[in-house]
Structure formats: C-alpha cells, structure tokens
Amino acid sequence: MSILEVENVSIQFGGVKALDDVSYKLEKGEIFSLIGPNGAGKTSMLNCISGLYKPASGSIRFKGQEIIGMKPYKRTSLGIARAFQNIALFEHMSVLDNLKLGRHVKMKAGLFSSGLYWGAAEKEEVNHRHSVEQVIEFLEMQDIRHTPVGTLPYGLKKRVEVGRALALEPEVILLDEPMAGMNSSEKEDMARFILDMHELNGITVFLIEHDMGVIMDLSDKIAVLDFGKRIGFGTPEEIQENPDVIKAYLGEQEVTT
Amino acid sequence: MKNPFVMECGNYKTRYDKDMAIFSTKRVKVRMLTLTLLAFLFPLLADSYIIGLATLCAIASIGAIGLNILTGFTGQISIGVGAFLGVGGYTSAILTSTLGWSFWIALPVAGIVTASVGALFGIPSLRLKGLYLAIATLAAQFIILFVISRWTGVTGGTSGMVLQRPSIGSFSLMSASSYYYLCLMILLFTIVYSLNIFRSRTGRAFLAVRDRDVAAQIMGINLFTYKVLSFAISSFFVGVAGALLAHYTMIVSPELYSITVSIQYLAMILVGGLGSILGAVLGAIFITLLPVGLGMFVDQFAVYMPDMQNTLAAFQELAFGAAIILFLIFEPGGLAHIWSNIKNYFKLWPFSY
Ligand SMILES: Nc1ncnc2c1ncn2[C@@H]1O[C@H](COP(=O)(O)OP(=O)(O)OP(=O)(O)O)[C@@H](O)[C@H]1O
Ligand SMILES: [Mg+2]
C-alpha cells in the first residue's frame with residue numbers, strides 16, 4: 001500500500017489556483033521529489049499535507065487514513081515530520097532544545113512531572129537525549145549542540161532544520177528545499193544525509209528541490225507542478241522525456257534568459 | 001573550599017543528566033545555596049519593618065514568576081494579574097474566614113481556583129494575539145473586580161473582608177519572621193518548580209509557542225492546550241501570591257486589586273527581564289522597594305523643605321515611572337541581563353577587554 005496518497009487536491013488563493021486537481025502517490029521507503037518553477041505550488045502542497053492549509057477539495061491519505069481535517073499537531077504524531085523552506089527554528093534555543101522539541105510527541109512529561117523533574121521527567125530527558133544525540137552525530141553537529149540556533153550560519157541552520165524533523169524518527173519526512181542557498185560542498189553533505197536517512201532508517205523522503213542534478217540522482221519518483229497543475233509524474237527517466245515538463249522548463253529558461 | 005563567587009571557565013561533563021542540571025556547575029550550586037542561606041538567616045539580624053518588606057518582596061516574586069511564565073515564557077500578554085491576585089485573596093478569605101477552613105488547605109485551593117479562572121479567561125488566546133489579547137485580559141480584570149465588588153453577600157462588597165494569620169497547631173504565624181519564612185519557602189518551591197518546567201518538555205513547548213506558533217504546531221504541540229495550560233499554571237502562582245498577601249495584610253477589598261497592581265506586576269517582569277525566573281525575582285524586589293526607597297529619600301528632603309511636601313510626593317510617582325522607562329530604553333534585557341553581564345565580566349576578569 002502507498003504510504004501517502006494525494007488525490008485531486010485543489011486550493012485557491014483569491015484568483016490564484018495554487019494547486020489544481022493534483023494527484024500522486026508515495027510508496028513506502030522511496031525518495032519522492034516534487035519539482036516545479038517558483039510559485040508552482042510546491043510549498044502549498046506541503047502545507048496541505050501538514051495541515052496548515054485546508055484544500056478546497058480532494059483527499060490526502062496517510063497509510064490509508066484520511067488526514068484532511070485533522071489538526072496539524074495530530075499529523076505529527078502519526079509520524080509525518082517537516083523541515084521548512086524558510087527556516088522556522090526556535091532561534092533563542094540551543095540546537096539540543098530544538099531537536100528535543102522535534103521529539104515533543106514522543107515524550108510524556110506534563111505540568112506535574114516536568115515541574116517536579118527528579119524522577120520520571122529527568123529519566124525521560126536523559127533517554128531522549130540519547131536519541132537526540134544520535135541525530136546530532138548523524139548530521140555531524142556535535143560541536144554546535146549547545147549553541148543558540150540564532151547565532152548559527154545559514155548552512156548549519158538548514159541542517160538543524162532537517163535534524164529537528166529527523167528527531168521525530170518519522171515515517172515520512174517532508175523536506176522543503178533543504179539545499180536552497182547552499183554551496184556545492186554543503187549540498188553534497190545534505191544529499192548524503194538524505195540518502196543515509198533513507199537507507200539506514202528506511203524513512204520515506206518527500207523532497208522539494210530546484211537542483212535538477214540532485215533530483216535526478218536521488219529520486220525514485222518525481223512529480224512536476226506548473227502553475228498548480230501536475231504536468232508529470234514518474235521515474236527520473238520518464239520525467240526527462242516528458243514533453244510537457246521539457247516545455248515548462250525550457251519556457252521558464254526563455255523567460256529568465 | 002573553592003570560593004563560590006569566583007567564576008569558572010571550562011567545564012567538561014561526562015553524563016547527560018549532569019549536562020542538564022539546574023545549576024550548571026558546582027560553584028553555581030554553592031553560590032545559590034549561599035544566597036538561600038542568607039535569605040534564611042537575615043531575619044535574625046533585621047527588625048520587623050525590614051522583614052515585612054522582605055515578605056512583600058517574596059510574595060511579589062511568586063506572583064511575578066507566575067506572570068513571567070505566561071507573558072515572558074509563553075508570549076501571552078496579560079493585564080489581569082491584579083484581579084487574579086484578588087481571586088486568590090478572596091478565595092482564601094472566604095474559605096478561612098467564612099467557612100472556617102484551615103489556611104493550609106485554603107492556600108492550595110486558592111491557587112487552584114485562580115488557575116481555573118485564569119484558564120477560562122485564557123481561552124480567547126487561541127484566537128487573539130498581542131494587543132487584542134491584552135484587551136481581552138483587561139476585560140477579565142474588570143469583570144472579576146465587578147463580581148467581587150457586587151457579590152456583597154459573599155465578598156462583603158466594597159468594605160472587604162478580614163483574615164487571620166495562619167497557625168501551625170497552637171503556634172500562630174503572627175510574628176514578622178515566621179510569616180516571612182512561610183513565604184520564603186513557597187517562593188523557593190515556586191522557583192525550583194519553574195526552573196524544572198523550563199528544562200523539560202512542558203516548558204520547551206511554552207517557549208516554542210512564544211517563538212513560532214506555526215513551527216510549534218508542526219512539532220506536534222497543541223497550541224490551545226499549551227496556551228490554556230500556561231494561563232492556568234501562571235494564575236495558580238498568582239493566586240497563591242494573592243492568598244499569601246491577603247493573610248499578610250489580613251484584609252481584602254476591591255481597591256487592592258486594581259489595574260494599577262496589574263501594571264506594577266508587568267513592570268516587575270519588564271524591569272527584571274522577560275522570560276527569566278531570576279529576572280522575575282529581581283524585578284519584584286526592585287519594584288517593591290523602589291517606592292519605599294524613593295519615599296525615604298523624599299522624607300529626608302521634606303525635613304529641609306516642609307512647604308515642598310506635595311511636590312515631592314508627585315516627584316516620587318514621577319521617578320517611579322521614569323525608572324521603568326529608563327530600564328526599557330537602556331536595558332531591555334532587564335536586571336537578569338545586567339546580572340549575566342556582570343557574571344560574564346568576572347569570568348574573564350582581570351583580563352577582560
Ligand atoms: N497563504 C497564501 N496566501 C495567498 N497566496 C498564496 C498563499 N500561499 C501560497 N500562495 C500563492 O500560491 C502560489 C504557490 O506558492 P508556493 O509557495 O506553494 O510556491 P512554491 O512552488 O513553493 O514556490 P518556491 O519554489 O518559490 O518556493 C503562489 O502564487 C503564491 O503566491
Ligand atoms: Mg516553496
């Protein structure tokens with residue numbers, strides 16, 4: 001069974017059709033990429049999946065269960081994690097605390113046990129610290145674990161953003177342009193992390209990215225959006241030969257050059 | 001023994017629980033214990049006027065910590081603190097004086113009742129932010145005071161109610177120092193509880209709600225639950241402070257809980273430092289003692305200039321306002337920030353440049 005099924009999803013802002021009857025499926029354990037020119041509706045798609053937007057019509061099913069109408073925080077506990085395109089970290093907090101917040105739904109302490117601390121809450125903090133340290137090690141962030149995120153350079157913030165999503169130990173991770181604005185060595189690192197989280201932890205990856213080289217190398221499946229419409233869906237080879245996709249991208253080049 | 005007031009550089013932790021301790025190093029721990037010990041010992045040397053002031057500081061600190069949990073740490077502004085103090089005070093007054101309950105039960109119940117009222121008035125916070133929420137809490141202030149002053153049968157209306165000091169068995173906490181110790185213990189509990197909250201799951205969620213509510217939701221945080229929880233826990237401490245104050249002054253009446261009180265508490269956390277437990281305590285002490293200090297200053301002058309009495313009294317109010325504004329302009333981080341600057345200075349001393 002597909003892990004995430006998006007069916008005929010549409011959403012509109014004023015006169016703009018940000019998503020127009022979009023459908024595709026993610027199989028468990030694959031790397032899926034959603035591509036398209038700027039403003040094509042990629043982030044809006046993620047917002048529909050994580051519950052920040054409510055589509056006007058259509059269905060989004062996670063492991064067969066309809067999630068439209070479900071509150072965002074509930075979707076997180078199903079195992080859907082997300083890294084934002086515009087970094088949305090908690091800037092005053094350390095890397096550690098950001099990652100621990102990524103595990104919020106896995107922890108239990110409430111007002112009483114948190115306040116009394118010694119006992120259940122302390123044990124929980126230590127146990128989850130172990131899990132968080134694994135993410136820190138995986139993303140090679142050992143030397144910045146206590147650093148307030150606000151003081152980190154852009155590239156590292158992007159990495160913490162991904163780390164915070166990973167800390168959930170999600171089934172599906174939604175990565176919105178995790179390499180945007182990075183130099184080529186940072187991009188290589190990030191590509192390696194994505195491959196590793198997919199291979200080592202079996203996480204299904206939903207990737208939004210503009211760099212075609214990276215997309216074609218990493219993806220098992222690709223869907224292409226243009227002005228809110230799905231104009232292609234298939235393997236990298238299929239996408240490269242799709243005339244609509246070629247037209248959309250060449251058309252875009254004509255405009256930009 | 002090592003001098004606890006000398007700063008430490010470099011520390012290497014070998015276990016996660018050590019890394020997450022309240023006091024980051026042994027020296028900090030010793031320093032805090034020393035300060036606590038001083039707080040316990042000073043009544044032996046001070047007269048009852050000073051001890052009384054210290055009691056007021058301790059009570060204000062409890063309330064200010066409560067307000068800071070809500071406003072400083074969770075980012076939900078409230079200008080209803082005055083009324084919430086009143087809810088605590090009146091609850092305890094009704095329970096002890098009218099119904100004859102023991103103070104020791106009435107105190108936590110006053111906290112719980114205030115927490116419930118706070119949570120109720122916190123419900124609009126899901127939809128309202130910033131200034132709009134401020135106005136909603138202002139409405140809480142007026143509604144609560146209206147109920148208190150009109151519900152004459154229960155609250156005694158504008159003439160208020162009279163309370164007793166608590167007692168343990170046959171020993172009444174009538175003396176200044178015994179009541180001071182009670183307030184100090186509750187303050188210590190409040191401090192430890194709040195420090196714990198903010199190094200574990202619940203407190204992190206509060207901070208996340210304050211800093212980025214959208215990202216907080218994606219972390220799996222239910223905004224509504226945590227905002228209401230924050231209103232509840234914050235109001236609990238404000239309610240306890242209200243009850244302690246009522247049993248200290250031994251009277252409750254509506255005009256003691258006016259909007260001016262709300263603004264004083266906001267001033268405490270602004271001057272002390274938003275989002276800092278230590279700041280709330282320092283701010284509470286500062287705002288409690290500032291008028292006393294200014295009053296003494298003015299009295300000194302009045303001796304030489306008896307005809308200036310009224311002008312000097314006005315000056316006192318003016319100086320109070322000016323002090324707060326100066327703080328906001330020159331040290332927005334508050335007293336807590338000044339304190340950490342001093343610490344950082346001495347960390348490198350004498351090589352700081
Ligand atoms: N909340 C909103 N209100 C109004 N319009 C919106 C909103 N969200 C998205 N849009 C519009 O929907 C369209 C798609 O935007 P979206 O952010 O999804 O594009 P994108 O594919 O992520 O682009 P980029 O590659 O630049 O990140 C744009 O025209 C945008 O202006
Ligand atoms: Mg986008």
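Student: Which helix of chain A gives the most to the shell around ligand 1?
Tutor: Helix 1 of chain A, with three residues. Helices here are DSSP runs of H or I with at least four residues, strands are runs of E with at least two, and both are numbered from the N terminus. This is a predicted model, in which local features need pLDDT of at least 70, side-chain atom pairs count only at pLDDT 80 or more, and totals for chains, interfaces and linings use all residues. Residues are numbered from 1 along each chain as written, chains are lettered from A and ligands numbered from 1 in written order, and side-chain values use heavy atoms, without hydrogens or water.

Student: How many residues surround ligand 1, and which are the closest?
Tutor: The shell has 14 residues, and the closest are A:K42, A:T43, A:S44, A:Y53 and A:Q85. A residue belongs there if one of its heavy atoms lies within 4 Å of the ligand. Strand 2 (16-27) and helix 1 (42-50) of chain A each supply at least two of the shell residues.

Student: How do the shell residues divide into nonpolar, polar and charged?
Tutor: Five are nonpolar, seven polar and two charged. Nonpolar covers Ala, Val, Leu, Ile, Met, Phe, Trp, Tyr, Cys and Pro; charged covers Asp, Glu, Lys and Arg; the others, Gly among them, count as polar.

Student: Which polar side-chain atom lies 2.7 Å from an oxygen atom of ligand 1?
Tutor: One of A:T43. A:Q85 also places a polar side-chain atom 2.8 Å from a ligand 1 oxygen, and a backbone N or O atom of A:G39 lies 2.9 Å from an oxygen of ligand 1. A polar contact is a pair of N or O atoms within 3.5 Å; within protein, one must be able to donate a hydrogen and the other to accept it, and residues adjacent in sequence count only if both atoms are side-chain atoms.

Student: What share of ligand 1 does the protein bury?
Tutor: 64% of the 640 Å² that ligand 1 exposes when taken alone. Those areas come from the Shrake-Rupley method with a 1.4 Å probe; for residues, only the protein chains shown count as cover.

Student: And the magnesium ion, what coordinates it?
Tutor: A:T43 through OG1 and A:Q85 through OE1, at 1.8 to 2.1 Å. The two are 42 residues apart and link distant parts of the chain: A:T43 sits in helix 1 of chain A, and A:Q85 in the loop between strand 6 (80-83) and helix 3 (95-102). Donors are N, O and S atoms within 2.8 Å of the metal (3.2 Å for Na, K and Ca), and water is not among the atoms, so sites may look incomplete.

Student: Why does A:T43 count as partly exposed?
Tutor: Because its relative accessibility is 26%, where buried means under 20%, exposed over 50%, and partly exposed in between, with a 1.4 Å probe and protein chains only. A:Q85 is also partly exposed, at 27%.

Student: Switching to chain B. How many residues does helix 11 have?
Tutor: Helix 11 (residues 223-249) has 27, and reaches 38 Å from first C-alpha to last, close to the 39 Å expected at 1.5 Å a residue. The expected span is 1.5 Å times one less than the number of residues.

Student: Is that helix largely enclosed or open, and why?
Tutor: Largely enclosed by the rest of the structure, because 21 of its 27 residues are buried. B:T249 is in this helix and is partly exposed at 40%. The C-alpha atoms of B:T249 and B:L56 are separated by 9.8 Å, at 193 residues apart along the chain.

Student: What comes just after helix 11 of chain B?
Tutor: B:M250, with a positive phi of about 65 degrees. Most residues other than glycine have a negative phi. Just after helix 12 of chain B, B:G273 takes a positive phi of about 130 degrees.

Student: Back to chain A. Where is A:N8, and what is its phi?
Tutor: A:N8 is in strand 1 (residues 2-13) of chain A, with a positive phi of about 50 degrees although it is not a glycine. A:N8 is partly exposed at 36%.

Student: What about A:F227, buried or exposed?
Tutor: Exposed, at 69% relative accessibility. A:F227 lies in the loop between strand 9 (221-226) and strand 10 (229-234) of chain A, and its phi is positive, about 45 degrees.
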